[in-house]
Structure formats: structure tokens, C-alpha cells
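Dear colleague,

I am handing over the structure we spoke about, and below it you will find what was found in it. Please read the notes with the coordinates open beside them.

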Amino acid sequence: MGEKNMMRVMICDGNLYIREGIKQILEKSKEFDIVGETACPAASLQGLHELQPDVCIMDTAIGGYPGLAFIREARRRAAHIPLVAMSQCHERDFALRALRAGATGYLPKDCTEKQLAEAVRTVAKRRPYVSSTMCELIVESINDGRPQRQHDKLSDTDFDIFCLMAEGIPASTIAEICRLSVASIRARKGRIMQQMAMHTEADVVEYAMKRKLIAHPFPVIHA
């Protein structure tokens, strides 16, 4: 830990007001020292390397980067730094996927101040932060007979691709982000559409928006 055993925290979020809100909450306690703030993926990954914080709080949709891919890349570059993933998505939609991708904890953006501070304290000790809702989800996931929503059936990589499709991101960019070939992305997009029983890009956008899997769609770019 840093000076006087304060936890050195870095905040990665594209929204200035959210960064300020998180900072104000944590600075109410003398436990936390905010050592850096970033607003885009490149700066966030560079900050992890240069600042070496004790904990990183990261928005999973920073700069339009898909959450799971961003978590995996941050984990690849700084495996020793605990990550608290934050998202507008409900825990039911994203928490287990985030943990599998390498996050040490997960919080929805409508969490309480107490939950935020507790999550940072917990992951700083190299322990996973698991909320009561997440515990229920883990139990549910063990039961193979539980009802599944359409997107629950997607693999983590296909879930990333689906969310990027909903945002109108072209196949070439999705391929670069997911470290796959363009041909592979196009083939996966077709399988995802079939698996989700969707026929048009508008169906994808409507589904993702309704379930808050994305903040907002960008203009659809065909590729």
C-alpha cells in the first residue's frame, strides 16, 4: 500500500461526473488515495503500467471498448493489480462474465457508497468482491436447468461481439478488438444472429438497448 497504508486507487471512466462522484465517495475516508484518473482505454492501460495502483476501478464500456475484452487486456498487461469492474448493466447480465474475464470484483453503477468502499477494501486484499446478488447468480449458474435468456447462451467472446454489433461497430474493428480475423468475426456474427433468433441489425440494437447491455447505439456501419 502507499503512504500511511492508504490504498492507491486509479479510476478509469469516460464520464467526468462519474469519476468525480467515485473520487468524492472514496475521499470521504482516509483509507483511499486517488492516484490517477483516465478517460480512454489507451490511457487506462498506460496508467496501470505507470502508476501501479493497489486497485483499479474501471468502467467496462470506456471509450466504446467492449467490457470483457477491456478486462482481459487489463488483466493481461497488469495481472497483479486487482480490478473492480463497474457497469450500467445489472449484475445478472455481466457480473459472472466480468469475473471470468479477470475482474476481482463487480459493481453496477447504481451501487451504494458503502458497497463501493467495501469492494475496494476487499479486492485490495487480493480477495474477490462478491455481492449477495452475485452469490445468488453463482448458485443459479450451477443449476443447468435454470431458465436462460437469449444472451445468456452466448460465449463470453460472442457476447462481446454481440454488444459491439449492437453499437454498430464494423467487423474490421471488432476483429482488432477481439484479436480474431475479419472472416472469423463475420462468421460468428451470422451464428450469433441465428442463435439469438434475430434477422436484422435493428433487432440486435433493440434487444441490447432494452436490456441495457449497451449505453446507446452508434450509427450502424456495414462491413
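On the face of H2 turned away from its buried side lie the exposed residues Ala42, His49 and Glu50, where exposed means over 50% relative accessible area, buried under 20% and partly exposed in between (1.4 Å probe, protein chains only). Helices (H or I, at least four residues) and strands (E, at least two) are DSSP runs, numbered from the N terminus.

Please keep in mind that this is a predicted model, in which local features need pLDDT of at least 70 and side-chain atom pairs count only at pLDDT 80 or more, while totals for chains, interfaces and linings use all residues. Residues are numbered from 1 along each chain as its sequence is written, and side-chain values use heavy atoms, with hydrogens and water left out.

The buried residues of H2 (residues 41–51) are Pro41, Ser44, Leu45, Gly47 and Leu48. Seen down the axis of H2, these buried residues fall within an arc of 155° (taken from the directions from the helix axis to the C-beta atoms), so they line one face of the helix. Their cover includes strand E1 (7–12), strand E2 (32–38), strand E3 (55–59) and helix H3 (67–77), with contact meaning heavy atoms within 4.5 Å. Just after H2, Gln52 takes a positive phi of about 50°.

**Aromatic residues**

The structure holds three aromatic pairs; rings of Phe, Tyr and Trp (its six-membered ring) pair if their centres lie within 6.5 Å, and planes under 30 degrees apart count as stacked, over 60 as edge-to-face and the rest as tilted. One of them is the tilted pair of Phe94 and Tyr106, at 6.0 Å centre to centre and 35° between the planes. This pair links Phe94 in helix H4 (residues 91–101) with Tyr106 in strand E5 (residues 105–108), twelve residues apart, and both Phe94 and Tyr106 are buried. The rings of Phe162 and Tyr207 have centres 5.9 Å apart and planes at 80°, so this pair is edge-to-face. Because Phe162 lies in helix H7 (residues 156–166) and Tyr207 in helix H10 (residues 201–210), the pair ties together parts that are 45 residues apart in sequence.

Phe94, Tyr106 and Phe159 form one aromatic cluster, and the charged end of Arg97 sits over the ring of Phe159, 4.3 Å from its centre (the criterion being NZ of Lys or CZ of Arg within 6 Å of the ring centre and within 35 degrees of the ring normal).
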